[in-house]
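User: Please take me through this model. I want each label set against its cut-off.

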Amino acid sequence: MITTRRNTLKTLGLSAGATFLHPIVSRLEAQAAGKPITAKRFVFVVESNGVKAQQMAPEGVVRKERDQKPLNGPDSFVDVSLTGRKLPFSLEPVSAWKDKMTIVNGLSGRICGGGHSNDHGALGAVPGGRKGPAEVQETIDAALAKTLPGIFPHVGLGISKRLENNVVYSISAWGQGKKLPIICHPLQAYNTLFGSVADGSARQEFIAKNNVLDFLKDDIKSAERGLSTSEREQFGAYLETFETLRDRQSKLNEIKHTLREKGPVASDKYTSKVETDRLDAQFDLGAAALICGLTNVLTISSAAGEQDFDINFSGLGLKAGKHHYGHGGGENGMTYLGVYDMIRRYHFDLIAGLCKKLDAVKEGDGTMLDNTVIIYLSDGAEAHHSRCWEWPMVVMGNMGGKLKSNRYIDYPGYAQKGHRTIANMYVTLLQLAGSSRTSFGMADPALKDFDQHGPLAELLV
Amino acid sequence: MKFPHFAKTPVFLMATALAGSGVLAQAAAPADLKFASAAESKAEYERVVVPFFAKHCNDCHNQKELEGDLDLAVLEFDMKASTSGARWATLVDLLTKGEMPPKKRTRPMPESVAAVIRWANAEAKRANRHFTRREAYANGNKVPHESLFNPKDIPPFAADPQIRRISPEIYAAFVAEMKAKSRLGQPFSPSGRTTFKDMGTPKVDEPVTAQLLQNALSIVESRTAHKLEGDKVVGNLTKEFSALFHPVTPPSEPQIEAAIVHQFNQILRRTPTDAEKTRFVALMKKNIADAGQTVGVRYTLATVLMLPEAIFRMEVGSGTPDAKGRIRLAPREIAFALAFALTDKRPDAALLTAAAAGELDTDAGVAKQVQRLLDDPKTEKTRVLRFFREYFGYDKATDVFKEANGGGSAVDHPGHEPRALVEDTDRLVQLILEQDKDVLKELLTTTKSFVAYKTAADSKKKIAEAKAKFEADRQKDPAKFKDKLFKPQQKLIYESYGLTDFPDVQPVELPADQRAGILTQPSWLVANSTTFDNHAIHRGKWIRERLLGNVVPDIPITVDAQLPIAPEKTLRTRMAVTQEAYCWKCHQLMNDLAYPFEQFDHFGRYRAAEIVQDLEATALNVDGKGKPKGPVMKGAPLDISGLIAHVGDKSLEGPIKNPIDYMKKLAGSKRVEQVFVRHAFRFWVARNEAPGDAASLQATHKAYSESGGSMKALITALLTSESFLYRIAAK
């Protein structure tokens with residue numbers, strides 16, 4: 001036991017008086033019985049308005065913004081150990097996990113098209129944003145969710161610049177034309193994930209819901225019988241949804257103790273008008289969802305997507321939306337780059353919080369964090385007006401040592417030998433998850449002489 | 001390789017052949033087929049593909065016949081060295097779906113089709129060209145215009161029974177009517193694959209049902225909200241519901257039944273059948289026993305909102321087929337269909353009464369109800385304006401991000417306010433509908449316009465006040481105001497229309513040599529623009545499809561569709577890249593139709609010249625240290641000439657001089673009018689037109705033209721047509 005129960009719960013922001021957790025107990029039992037820990041989790045943290053490549057290099061590494069054209073960088077691969085190097089300002093909050101992280105510069109994503117946001121293209125490695133609105137395609141979080149199914153296959157949480165947007169469909173998609181929800185209202189997220197055990201009537205609601213789902217299943221089945229084959233399709237699809245929901249109920253029932261005990265406590269932040277409060281709350285909910293075993297794939301959208309990208313972080317003392325800083329406007333004595341750094345640092349504070357919570361839960365020989373990969377990126381690639389010539393990312397966690405970490409790496413310039421794209425990053429994640437897929441999204445036609453398949457070999461051990 | 005269920009599962013196979021994922025691609029191209037070089041690929045191509053083409057394809061797709069503009073002899077096998085990838089993708093698509101060779105030709109062996117597809121996939125992989133295509137939206141124009149409007153050759157009627165989920169708007173109206181206290185999430189979203197949003201039969205999936213259930217519970221909670229005062233139930237709930245929550249006496253069976261009947265009437269606009277009563281009473285009793293009174297009651301009442309009938313629109317028909325094999329929709333189905341055709345609300349009492357009284361059994365009875373609804377000022381016909389919004393697409397102006405919106409250094413039209421532009425065009429459409437005469441012609445040629453009509457008077461007043469104050473302040477302290485200019489707070493929206501002030505009377509007449517109809521309204525021009533430019537391709541595509549009734553092929557994904565960055569060149573010059581032979585096949589259908597709109601800038605302002613960068617002057621524009629001071633712009637002469645061609649209607653084809661003549665020419669065309677009718681059909685019948693709808697379409701067009709261009713006449717004809725009211729039962 002690496003920490004006391006009381007401390008664990010405190011870190012998790014969990015209800016007082018909770019007993020030690022059921023899935024963790026199961027995991028410990030599994031461990032005791034000599035069974036391997038097979039858990040794998042992925043978290044995407046997507047922040048709008050671009051991540052500046054020149055701000056991502058650690059101390060002692062000079063990295064300039066690359067030109068928006070082919071051959072915009074060196075022909076060699078940069079690989080620098082983080083040992084003994086200070087992280088850049090915005091990443092400092094995660095310094096404690098430096099040995100488990102990789103800062104990745106130099107990937108491109110030209111196929112996405114660019115713009116203020118690449119929308120579903122960012123996680124899909126397909127045209128989006130400026131080239132859209134094409135039909136959305138499967139995004140990487142969804143592809144991973146299919147490989148690592150959970151009670152909730154995919155949990156999407158986030159914030160929108162508009163308070164009234166409870167749910168947006170801005171960044172993730174299950175497949176062609178099927179956008180996934182990003183729940184922007186923490187209270188709604190709480191109800192969806194933990195509502196079944198939220199209060200005293202939870203058990204009653206749970207049973208009533210089961211009764212209703214069973215009733216409707218029967219009702220739709222009998223209505224279906226009166227229809228000819230061609231008309232049945234619609235009802236058949238509707239019926240299937242009830243079967244899925246009923247099945248989820250059973251699974252939630254199995255872990256109800258965990259949900260009661262590990263579920264977060266609703267706070268004022270859930271309904272706050274301040275966007276940073278809501279994002280804090282979403283990180284709490286996301287952490288709890290992972291720890292309770294509700295899902296293996298979590299996407300946290302910090303106002304990603306064209307409709308939200310110019311959100312104003314008033315909670316950080318800023319008065320203007322991100323669009324202002326994107327166009328070079330400064331504030332509070334900071335240049336626009338300073339504001340970029342400050343907002344990103346706030347996100348890494350939250351990521352650090354998530355790491356801390358996961359790291360506090362023992363799993364196998366290590367902690368939950370060891371079996372989790374957190375990927376930070378922007379739907380706006382490298383800039384406010386992204387063109388996707390480069391696409392900085394940060395990878396936290398090494399998935400039980402399968403990823404080389406403790407490094408800053410920088411791929412050769414666009415169309416230089418050894419250049420790689422975000423699609424290769426996504427294939428890397430897929431293969432880590434156990435998928436045998438060798439390509440993802442759409443190939444960049446301008447890189448037709450490049451092998452765009454396969455993972456980033458430089459990341460894998 | 002075995003190709004299971006070849007004909008039966010085209011959807012699966014399409015995914016296999018076309019999806020970009022490696023796993024799927026491997027399924028179609030097994031590990032044994034992998035080409036290390038062009039030579040290897042060529043060998044397999046010659047072994048498998050060439051004989052297949054010779055046997056099944058070359059008769060039509062050769063240099064002489066050029067069917068579908070495709071000469072297979074010059075279709076490069078090498079997808080890496082050529083741009084043939086997109087055409088191969090199309091070919092694989094057609095082969096997979098079994099659409100080629102045409103049905104009347106000898107069917108090829110499934111094994112040989114599979115071998116061709118396998119080769120194409122392996123070659124695509126070698127070339128790194130993935131056969132992913134943008135999802136083709138099912139464009140109704142694919143049915144040739146002539147086959148629909150030939151009065152001498154009317155194919156027999158055909159229409160399948162339809163079951164469709166309700167639209168997001170109908171659901172929103174229902175929720176509003178239910179007065180739920182909390183904000184509810186919208187469970188539905190448009191499929192995005194159809195001309196209009198509410199068309200076709202998108203399937204309900206699990207997130208949708210989960211949201212529906214959550215909403216149903218919220219609605220019921222609001223409608224049964226109450227407090228207990230002693231043993232009294234206090235709250236704004238009906239007596240049927242309050243009886244269910246009595247704290248001492250559990251509800252009796254008759255009380256439960258009364259509440260179920262009440263809920264059915266509220267939610268489904270009908271009383272439950274005896275069987276339904278029995279089942280729901282049993283459910284409520286069980287729920288109360290299992291989950292307590294409050295929870296049990298609420299969950300049971302919410303169940304009514306989840307019945308298929310509450311989620312789906314049933315247009316299946318009832319009764320026995322007539323002599324033509326047609327089954328008329330049931331009266332209740334017609335009542336709902338009419339209500340949802342014109343509004344987002346469920347049928348009103350008069351419509352339900354008419355249905356119950358058998359008045360909807362005749363077309364005259366239906367026409368009477370349609371006219372009643374159209375003429376009734378109290379019935380808000382939200383769907384009629386929505387048709388014009390979706391048809392013209394001018395409401396998308398608010399989706400186009402202009403730098404003017406958000407500040408920064410690139411603002412060149414701070415008066416840009418897309419929401420107001422859309423409202424102005426909405427109002428213009430409504431005005432033309434109020435007059436209901438030559439509706440399409442007016443829409444395409446009117447010189448009338450509203451100008452920020454909702455806020456113009458207010459803005460004008462505030463600006464005048466602010467200016468007066470500014471002048472007064474200046475007089476008091478001339479030194480302080482020496483270099484200050486008056487800057488109004490309000491957006492000068494009138495600049496988008498080329499005016500110098502907010503007009504006092506609306507609508508205004510805009511100069512007849514500058515504007516003609518919706519397509520010259522700033523809203524439409526902005527909707528078809530980008531952040532920095534006009535979007536000639538979208539404009540051309542819109543006219544090609546929505547007025548001329550032709551088909552523009554989907555953009556092949558292997559085309560990297562980007563214009564060069566060359567700020568010193570006009571848009572027309574930059575678009576020269578699309579004239580490369582391969583691109584031009586499609587772009588000839590769009591570019592020339594759009595160039596006349598170069599008369600306007602990307603904010604929709606009329607202009608005399610296009611502003612481009614002056615490279616020489618920019619190079620010289622440096623400070624003392626030689627540091628660039630920024631771009632210098634200059635005016636480039638406009639070329640607004642265009643061309644109507646490839647329509648299949650000689651009366652329309654020919655060169656165009658300017659947007660005004662252009663609009664007049666289109667507005668005078670019978671074909672354009674018919675294409676408009678086709679779109680109205682799609683919107684109101686909620687599916688693409690097929691040859692079997694020829695009679696309905698012709699009758700609708702006749703009603704429109706004989707009524708002098710009345711939209712009411714058009715709608716009435718459509719809603720009484722056999723395509724709307726009848727189905728052919730499945731055998």
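Analyst: Start with chain A. Among its contacts with a separation of 6 or more, 72% join residues 24 or more positions apart. A contact requires the C-beta atoms of two residues, placed from the backbone, to lie within 7 Å. The model is predicted: local features need pLDDT of at least 70, side-chain atom pairs count only at pLDDT 80 or more, and totals for chains, interfaces and linings use all residues. Residue numbers run from 1 along each chain as its sequence is written, while chains are lettered from A and ligands numbered from 1 in the order in which they are written.

User: What makes Trp391(A) count as buried?

Analyst: Its neighbour count. Buried means 20 or more other C-beta atoms within 10 Å of the residue's own; 12 or fewer means exposed, and in between is partly exposed. Trp391(A) has 28 C-beta neighbours inside 10 Å, so Trp391(A) is buried. In chain A, 56% of the 461 residues are buried.

User: Where is Trp391(A) found, and which residues does it touch?

Analyst: Trp391(A) is in the loop between β12 (372–378) and β13 (393–396) of chain A. Leaving out residues up to four places away in sequence, Trp391(A) touches Leu107(A), Ser108(A), Gly109(A), Leu377(A), Ala381(A), Glu382(A) and Ile422(A). Ala360(A) is 31 residues from Trp391(A) along the chain, with 31 Å between their C-alpha atoms.

User: How many helices and strands does chain A have, and what counts as one?

Analyst: Chain A has twelve helices and 14 strands.

User: Why is α4(A) called roughly parallel to α12(A)?

Analyst: Two packed helices are described by the angle between their axes and the distance between the axes. Axes are lines fitted to C-alpha atoms, for helices over the stretch in contact, and angles between N-to-C directions run from 0 to 180 degrees. Helix α4 (residues 140–147) of chain A and helix α12 (residues 422–433) of chain A cross at roughly 15°, and their axes come within 10 Å. That angle makes α4(A) roughly parallel to α12(A). The cut-offs are under 35 degrees for roughly parallel, over 145 for roughly antiparallel, 65 to 115 for roughly perpendicular, and oblique for the rest.

User: Which residues of α4(A) and α12(A) meet, and what are their classes?

Analyst: Ile140(A), Ala143(A), Leu144(A) and Thr147(A) meet Tyr426(A), Leu429(A), Leu430(A) and Ala433(A). The contact has seven nonpolar, one polar and no charged residues. Nonpolar covers Ala, Val, Leu, Ile, Met, Phe, Trp, Tyr, Cys and Pro; charged covers Asp, Glu, Lys and Arg; the others, Gly among them, are polar.

User: How do α16(B) and α31(B) pack?

Analyst: Helix α16 (residues 363–375) and helix α31 (residues 711–719) of chain B pack at about 145°, with axes 9 Å apart. Val366(B), Ala367(B), Val370(B), Gln371(B) and Leu374(B) meet Lys712(B), Ile715(B), Thr716(B) and Leu719(B).

User: How confident is the predictor in chain B?

Analyst: pLDDT is its confidence in each residue, from 0 to 100. Chain B has a mean of 87, and 90% of its residues reach 70 or more. Residues 1–31 of chain B stay under 50. Residues 404–410 of chain B are also below 50. For the complex, the predictor gives an ipTM of 0.76 and a pTM of 0.73.

Key:
Helix = DSSP H or I, 4+ residues; strand = E, 2+ residues; numbered from the N terminus.
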